[in-house]
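I opened the model and kept notes as I went. The entries are in the order in which I looked things up.

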Amino acid sequence: MSETAVTAVVHDHGPASTGLPTWKVGFWTFLGSECLFFASLISTYMVFKGASTTGPFPEEILNIPLTSLSTFVLLMSSLAMVLALDGVQRGKRKLASFWLAMVIVLGGTFLGFQVYEFNHFVHEGLTISRNVFGSSFFVLTGFHGAHVTVGIIWLTVLFIMSLRGKLAPGDALKVEIAGLYWHFVDIVWIIIFTLVYLLQ
Amino acid sequence: MSTSEIVAEAQTREQAGHASVGFYWTIAGILGVITAVEVAVFYIDALEPALVPILLTLSAVKFAMVVMFFMHLKFDSKVFTGVFVAGLSIGTFVVVALVVLYQFLPRLEG
């Protein structure tokens, strides 16, 4: 990173007293608070787990092979994200655009799996108001899906900026922060996949 | 801290934290393999008694790898680690406390 680029970053986002970019400090703080948000949803699911008196029950309806595939897709989107950041930092615009597009495609694929799963569950009789499993499941995975959607919109904006040549190495912090958000969505799913799907 | 010091620190951090593309592919490969192992463990009946500790351990390893290498916490300032781990610790405590209160204690009381 050139001195000009670093200075631009420092001026744009302002160093805190720590010498660190304030945007990044603020975003990590936001992610810390997001941990609490998802902890409340996960604990709600765990508390009500097994409390349903009417079906469908988790072991009857959860599709492990399908969700394993969607989990793999989301993990690979994290790889694409880190490669996109690498491309921006190295000033390789086409490479950065390609990997940003891949993150969007893989994120969209994950959402497609989730829409299919939700649709399938509703046809099987599991709705948000059917039982406590349905309520806590749809709220938890629905909020995660909403986070994925926000991430896709954010990355689409960055992708368009990249195509227009507006993502120079000096703008790497913008991509890095979007990447932090995307990886956070990924680690939340790692937890959900284990606690909700595998530990039934 | 002067601008030149900030520039020097940013360059040092970048040099220290900039992993190679091959390294990221390796991490992704390991994450994929761990996911496959998780699913395999789920279907092996003989492992059912140890299912919870095995899956929680594998999940924790995946979580740590993404945070350390993809989110660069291993290479970045400890301030970020502190801020994130603070929220994560409180969140984990909330989950464990509520599960113990509502799932395990009622069973123990009969």
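**Conventions.** I am working with a predicted model, in which local features need pLDDT of at least 70 and side-chain atom pairs count only at pLDDT 80 or more, while totals for chains, interfaces and linings use all residues. Residues are numbered from 1 along each chain as its sequence is written, and chains are lettered from A and ligands numbered from 1 in the order in which they are written.

**Confidence.** I looked up pLDDT, the predictor's confidence in each residue, from 0 to 100. Chain A averages 91, and 92% of its residues score at least 70. Over residues 1-11 of chain A pLDDT stays under 50, and the model has 19 contacts beyond four places in sequence for that stretch. I count two residues as in contact if their C-beta atoms, placed from the backbone, lie within 7 Å. Where pLDDT is low, the predicted coordinates should not be read in detail.

**Chain A overall.** I find seven helices and zero strands in chain A. Helices (H or I, at least four residues) and strands (E, at least two) are DSSP runs, numbered from the N terminus. The C-alpha trace of chain A spans about 65 × 35 × 20 Å along its principal axes. Of the 200 residues in chain A, 44% are buried. A residue is buried if 20 or more other C-beta atoms lie within 10 Å of its own, exposed if 12 or fewer, and partly exposed in between, with C-beta atoms placed from the backbone. Taking contacts in chain A between residues at least 6 apart in sequence, I note that 79% join residues at least 24 apart.

**Contact between chains.** I find 43 residues of chain A in contact with 45 residues of chain B. On the chain A side, the elements giving two or more residues are H1 (3-13), H2 (22-48), H4 (64-89) and H7 (172-198). H2(A) gives the most, with 14 residues. That side of chain A divides into 27 nonpolar, 13 polar and three charged residues. Here Ala, Val, Leu, Ile, Met, Phe, Trp, Tyr, Cys and Pro count as nonpolar, Asp, Glu, Lys and Arg as charged, and the others, Gly among them, as polar.

**Core.** Which residues have the most contacts inside the largest nonpolar core? They are Ile42(A), Ala84(A), Leu100(A) and Val103(A), in a core of 70 residues. A nonpolar core is a set of buried Ala, Val, Leu, Ile, Met, Phe, Trp, Tyr and Cys residues joined through C-beta atoms within 7 Å. Elements of both chains give two or more residues to this core, among them H5 (93-123) of chain A and H4 (78-108) of chain B. H7(A) provides the largest share, 19 residues. Leaving aside neighbours within four places in sequence, I list Ala96(A), Trp99(A), Leu100(A), Val103(A) and Val175(A) as contacts of Ala84(A).

**H6(A).** This helix has 32 residues and reaches 46 Å from its first C-alpha to its last, close to the 46 Å expected. The expected span is 1.5 Å times one less than the number of residues. Gly165(A), which follows H6(A), has a positive phi near 75 degrees. Is His147(A) of this helix buried or partly exposed? His147(A) counts as partly exposed because it has 19 C-beta neighbours inside 10 Å.

**H3(B).** The buried residues of H3(B) include Leu55(B), Lys62(B) and Phe70(B). The buried residues of H3(B) pack against H4 and H7 of chain A together with H2 of chain B. Just after H3(B), I see His72(B) with a positive phi of about 65 degrees.
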